[in-house]
Amino acid sequence: MRNCSTLFSATCYPTQLNISSPEKPIYFSLICESDLVKFQVKDEGIGISREDQSKLCDPFSRGKNTRGISGTGLGLALVKTCVDLHQGEILFESDVGVGTTVTVVLPQRF
């Protein structure tokens with residue numbers, strides 16, 4: 001699970017830094033419960049349309065409103081692969097012009 005958490009924080013956090021306004025905060029939280037671990041990154045950036053959200057984890061897929069912003073469209077595809085291997089889930093909440101919350105939930109195994 002350590003590799004997945006590293007990949008998530010190394011992918012989602014810099015992505016949100018890249019597309020968020022410098023003066024707006026980005027929040028990162030880690031919640032550990034007896035049966036799951038939840039990572040969450042929330043920004044007040046450009047947001048993601050509902051149409052684009054369904055394709056975010058596809059390789060080389062990028063939101064239509066990211067033109068002119070660097071990126072390859074591979075980060076969330078890698079995170080999704082790792083999350084799937086750990087039998088977890090990745091969730092998006094976003095509104096264009098308001099911001100995005102990316103949540104990864106992984107089962108806690110000992």
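Strand E4 (residues 99-107) is mostly covered, with eight of its nine residues buried. Buried here means under 20% relative accessible area, exposed means over 50%, and partly exposed lies in between, with a 1.4 Å probe and protein chains only. Strands (E, at least two residues) and helices (H or I, at least four) are DSSP runs, numbered from the N terminus.

The model is predicted: local features need pLDDT of at least 70, side-chain atom pairs count only at pLDDT 80 or more, and totals for chains, interfaces and linings use all residues. Residues are numbered from 1 along each chain as its sequence is written, and side-chain values use heavy atoms, leaving out hydrogens and water.

Start with the overall layout. The chain has three helices and four strands. Along the sequence they follow the pattern α-β-β-α-α-β-β. Of the 110 residues in the chain, 37% are buried. The chain exposes about 6600 Å², and carbon and sulfur atoms supply 55% of that area. Such accessible areas come from the Shrake-Rupley method with a 1.4 Å probe; for residues, only the protein chains shown count as cover.

Now return to E4 and its partners. Two strands pair if DSSP finds at least two bridges between them. Strand E2 (residues 36-43) pairs with E4 in the antiparallel sense, over seven bridges. Val37 stands opposite Leu106 in E4. Strand E3 (residues 89-95) also pairs with E4, antiparallel and over seven bridges. Here Asp95 has Gly99 in E4 as its bridge partner. E3 and E4 form a hairpin with three residues between them. In that turn, Gly97 has a positive phi of about 80 degrees.

Next come the helices. Helix H3 spans residues 75-85, and its buried residues are Leu76, Ala77, Val79, Cys82 and Val83. An α-helix has 3.6 residues a turn, so residues three or four places apart point the same way. After H3 comes Gln87, with a positive phi near 55 degrees.

Helix H2 (residues 50-53) includes Gln53. Why does Gln53 count as buried? Its relative accessibility is 12%, so Gln53 counts as buried. Contact means heavy atoms within 4.5 Å. Leaving aside neighbours within four places in sequence, Gln53 is in contact with Ile48, Phe92 and Ser94.

Contacts can also be viewed across the chain. Among those with a separation of 6 or more, 53% join residues 24 or more positions apart.
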